[in-house]
Amino acid sequence: MINIKISFNGFIIKLSALLICSFLLITCSKEIEIIPEPETPIYPITINIEGEGQVDYESINGISSSNYELGTSIILTANPLENWEFIGWSGSIISSENPVEITISDSIEVKAKFMRYFDYKQPSYKFKNSDFWVDIESIPTSNGIDLFQTSYSAAYSYADFNGDGYEDILLAKNKYNIERHPLELFINNKNENFVLDQTLIQNNIGCETARKSIVGDYNGDGKPDVFFADHGAEGAVFEFAYPSILLSNSNGYNFEILDNLPKSFYHGAASGDIDNDGDLDIITSTGLVLINDGFANFSDMNQLWQTSEGGIYTIELIDINNDGFLDLIVGGHTMASYDLESEKIYFGNGINYSDSNSILLPKVLGYGVSTDFSFYDINNDGFDDIFVNRAGGSVTANNTYDTDFYVGWAVQLIINNQGTDFIDVTDSYFDVFQGAENSMVWIRVQDIDNNGSVDLFENDKYHFDTTQIFRWEWNGSSFIKM
């Protein structure tokens with residue numbers, strides 16, 4: 001008896017042969033049994049994503065799947081979305097190589113980490129915009145916070161406070177009284193799901209009536225900090241308040257009242273590198289100039305801004321003439337004789353700001369209150385143009401504010417002609433640019449719907465939690481109100 005095994009077309013054939021030999025005659029009796037060949041193990045590969053990006057994976061022979069045979073070589077390629085960076089692999093692979101090649105020997109589970117970094121050393125006006133457009137008051141209400149006699153319309157900050165690449169929302173509420181109200185930090189858990197997290201802020205006693213908050217890296221650690229312009233209780237008596245600051249540290253953030261500075265009606269503020277020494281300085285609508293040593297130690301240098309103007313409540317820093325120095329743009333009230341004559345640009349030189357080196361901007365009669373500026377190069381000439389947010393305001397024969405004070409709204413577009421000439425083109429660039437509804441607080445200019453055309457819109461999507469939406473879309477030649 002002879003046993004024979006033959007491999008044929010993926011099967012094993014077993015032969016048992018009885019050989020009977022008689023002279024030269026051989027008779028064979030064959031019994032054939034087909035036995036399946038043992039299967040090659042198949043293992044799954046699982047890819048997890050942290051941040052914004054995707055991972056492509058395929059075998060060396062070009063086959064893509066989620067399951068691979070033992071010994072298969074796989075190439076993983078991480079592709080970050082715009083403004084994000086690939087950081088590395090973790091799990092079954094520990095590497096920063098991209099692409100990376102692996103060989104299947106068991107089940108594979110890999111995490112690809114993507115991260116987005118923000119440059120918080122830029123002027124504060126750049127951080128007015130964000131990835132999202134939300135109804136501001138819906139954020140605290142969705143977290144169970146009672147809005148009774150509370151306003152969130154003014155002091156908001158968008159920044160990545162927990163370092164995960166997503167912009168969060170910091171709100172400083174106000175009730176127009178002398179009580180302090182803790183800041184409220186809402187962490188963005190992706191897809192605009194904002195969750196209240198008060199664990200990151202120490203000494204969170206908050207502001208009295210914060211009118212504006214500005215974002216910047218004031219202590220030089222790469223993380224966002226926030227300065228609060230606080231004007232205190234506003235009513236029959238103006239109480240005034242100290243400004244305050246939220247500074248990052250190794251444990252999160254610490255809130256600090258800047259009570260070494262004078263109490264005042266801090267309505268507006270802006271930050272940028274005024275003296276071109278590599279750190280962010282701060283300037284307020286009251287004329288306070290705070291020069292930074294790079295570690296959030298500020299020196300009061302009010303002499304750097306010499307002006308005789310009154311009625312300044314709105315303020316921004318931007319290099320409007322592209323000469324490498326930040327210019328100071330101011331607005332506020334432009335009606336009475338004791339107010340600003342009109343909105344104004346103080347040209348920067350790295351040393352100071354003065355009336356002698358300034359220019360007036362076109363004003364709008366009947367809308368003498370300017371509450372905000374935004375900037376965008378709408379005619380693509382390399383110079384940022386100026387968008388002005390306005391509210392109603394005129395003056396009586398007795399030089400007092402008329403009954404239209406803060407009644408109605410208007411937007412204005414001023415074309416920046418090479419940083420030396422500023423031209424009001426509103427009526428030729430907008431289909432609708434004035435109205436009787438309550439005025440907007442903050443405006444933004446960016447492509448918020450990602451359709452390739454820039455939008456002008458109110459930061460608070462539903463305008464004080466109403467159904468009113470202020471938004472215009474650029475069609476290539478004009479802004480059309482949506």
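**Entry 1. Contacts and overall form**

I looked up the contacts of the protein with a separation of 6 or more, and residues 24 or more positions apart account for 53% of them. I take contact to mean heavy atoms within 4.5 Å. I note that this is a predicted model, in which local features need pLDDT of at least 70, side-chain atom pairs count only at pLDDT 80 or more, and totals for chains, interfaces and linings use all residues. Residues are numbered from 1 along each chain as its sequence is written, and side-chain values use heavy atoms, with hydrogens and water left out.

I found 2 helices and 38 strands in the protein; these are DSSP runs numbered from the N terminus, helices being H or I of at least four residues and strands E of at least two. The radius of gyration is 33 Å, well over the 23 Å that the globule rule gives for 482 residues, so the protein is more spread out than a compact globule. That radius is taken over C-alpha atoms, and the globule rule is 2.2 Å times the number of residues to the power 0.38. I read the span of the C-alpha trace along its principal axes as about 140 × 50 × 45 Å.

I then looked up burial: 50% of the 482 residues are buried. Buried means under 20% relative accessible area, exposed over 50%, and partly exposed in between (1.4 Å probe, protein chains only). The accessible surface of the protein comes to about 22200 Å², and carbon and sulfur atoms hold 50% of that surface. Accessible areas come from the Shrake-Rupley method with a 1.4 Å probe, and for residues only the protein chains shown count as cover.

I located S130 in the loop between β10 (108-115) and α1 (138-142). S130 counts as buried because its relative accessibility is 6%. A polar atom of its side chain lies 3.0 Å from the backbone oxygen of F132. The side chain of S130 also makes a polar contact with the side chain of R444, at 3.3 Å. A polar contact is a pair of N or O atoms within 3.5 Å; within protein, one must be able to donate a hydrogen and the other to accept it, and residues adjacent in sequence count only if both atoms are side-chain atoms. Leaving aside neighbours within four places in sequence, I list Y158, E167, R444, Q446 and I448 as contacts of S130.

Y158 is buried, at 1% relative accessibility. Its side chain makes a polar contact of 2.9 Å with the side chain of N459. Beyond four places in sequence, the contacts of Y158 include S130, F132, D168 and R444.

I placed F161 in the loop between β11 (151-159) and β12 (168-174). With a relative accessible area of 6%, F161 is buried. Apart from neighbours within four places, F161 is in contact with D168, L170, L185, L200, P224, V226 and Y253.

I found H181 in the loop between β12 and β13 (184-188). H181 is buried as well, with a relative accessible area of 6%. Not counting residues up to four places away, H181 touches K173, N174, K175, I205, G206, C207 and E208.

**Entry 2. Aromatic rings**

I searched the whole structure and recorded 27 aromatic pairs. Rings of Phe, Tyr and Trp (its six-membered ring) pair if their centres lie within 6.5 Å; planes under 30 degrees apart count as stacked, over 60 as edge-to-face and the rest as tilted. I examined F228 and F255, a tilted pair at 6.1 Å centre to centre with 50° between the planes. F228 is in strand β17 (residues 225-230) and F255 in strand β19 (residues 252-257), 27 residues apart, and the pair links distant parts of the chain. Both F228 and F255 are buried.

I also examined F265 and Y313: the ring centres are 6.2 Å apart and the planes at 90°, so the pair is edge-to-face. F265 lies in the loop between β19 and β20 (269-272) and Y313 in strand β25 (residues 312-318), 48 residues apart. F265 is buried at 15% relative accessibility, whereas Y313 is partly exposed at 25%.

I noted one aromatic cluster formed by F387, W409, Y429, F430, F470, W472, W474 and F479. The charged end of K481 sits over the ring of W472, 5.5 Å from its centre. K461 lies over the face of W133, at 5.2 Å from the ring centre. A charge sits over a ring if NZ of Lys or CZ of Arg is within 6 Å of the ring centre and within 35 degrees of the ring normal.
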